[in-house]
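User: I've got a model open and I'd like to talk through some of its packing. Can you take my questions one at a time?

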Amino acid sequence: MTVTQTDPAPAGQLETPAQQLVRAFAERGFTHFTGVPCSLLKGVFKVLEGKEAPLAEGLAYLPAPREDSALGVASGLAAAGARPVVLMQNSGLGYSLNVLTSLNLIYDLHVPLIVSWRGHDGNDAVEHDVIGRELTRLLDVFDLKHTVFDPEQPYASVDRCLAKAEDGRFTPVLIVKEGI
């Protein structure tokens, strides 16, 4: 699916944090989004699926059946010169670790990840408790540079995240704690 509108939100309407997040990546040259839906990221997926006002000419969204598949698609796009972003739930990060360690990290295909932080506060479905509690330590183990998204400052959050990539030397991760 390609998003085609370049106008900002209609006069008098403020953009949602999800719209601002997508726009921030698009304005920084990112061309594709791929990933697996998550309730904490539902606003972002609504934007990418065109259910809200599209934000950028030629921005493409490619749905994926699994997080590791999304990462594989993004890696191919990056190798071909595109600038993709991958969206996933933190539990999907587990599926993706083999792709990250056997492809992305050793071949320097560092695509930004937007990862929802299910279970971070212990008030989620029980299956999110362990990964929620250990997410930042897991990211640290694999040297995935992370930033927590601030819905009050979406552009600044994206900038802080991308700065951690150090010109493509690291995989930056933007962690979304609350639904946007």
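User: Is Y61 buried or exposed?
Analyst: This is a predicted model, where local features need pLDDT of at least 70, side-chain atom pairs count only at pLDDT 80 or more, and totals for chains, interfaces and linings use all residues. Residues are numbered from 1 along each chain as its sequence is written, and side-chain values use heavy atoms, with hydrogens and water left out. The cut-offs are under 20% relative accessible area for buried, over 50% for exposed and partly exposed in between, with a 1.4 Å probe and protein chains only. Y61 has a relative accessible area of 2%, so Y61 is buried.

User: How are the planes of F25 and F33 arranged?
Analyst: The structure holds 3 aromatic pairs. Rings of Phe, Tyr and Trp (its six-membered ring) pair if their centres lie within 6.5 Å; planes under 30 degrees apart count as stacked, over 60 as edge-to-face and the rest as tilted. For F25 and F33 the centres are 6.1 Å apart and the planes stand at 90°, so the pair is edge-to-face.

User: Which residues do ring pairs link into a cluster?
Analyst: F25 is buried at 0% relative accessibility, and F33 is buried at 1%. Ring pairs make a cluster of F25, F30 and F33.

User: How many residues of helix α1 are buried?
Analyst: Helices here are DSSP runs (H or I, at least four residues), as are strands (E, at least two), numbered from the N terminus. Helix α1 spans residues 17-27 and is mostly covered. Its buried residues include L21, V22 and F25.

User: Which residues in α6 meet α1?
Analyst: Contact means heavy atoms within 4.5 Å. On the α1 side the residues are P17, Q20, L21, R23, A24, F25 and E27. Their partners in α6 are P154, Y155, V158 and L162.

User: What is S157 in contact with?
Analyst: S157 lies in helix α6 and counts as buried at 0% relative accessibility. Leaving aside neighbours within four places in sequence, S157 is in contact with T147, V148, F149, D150 and L174.
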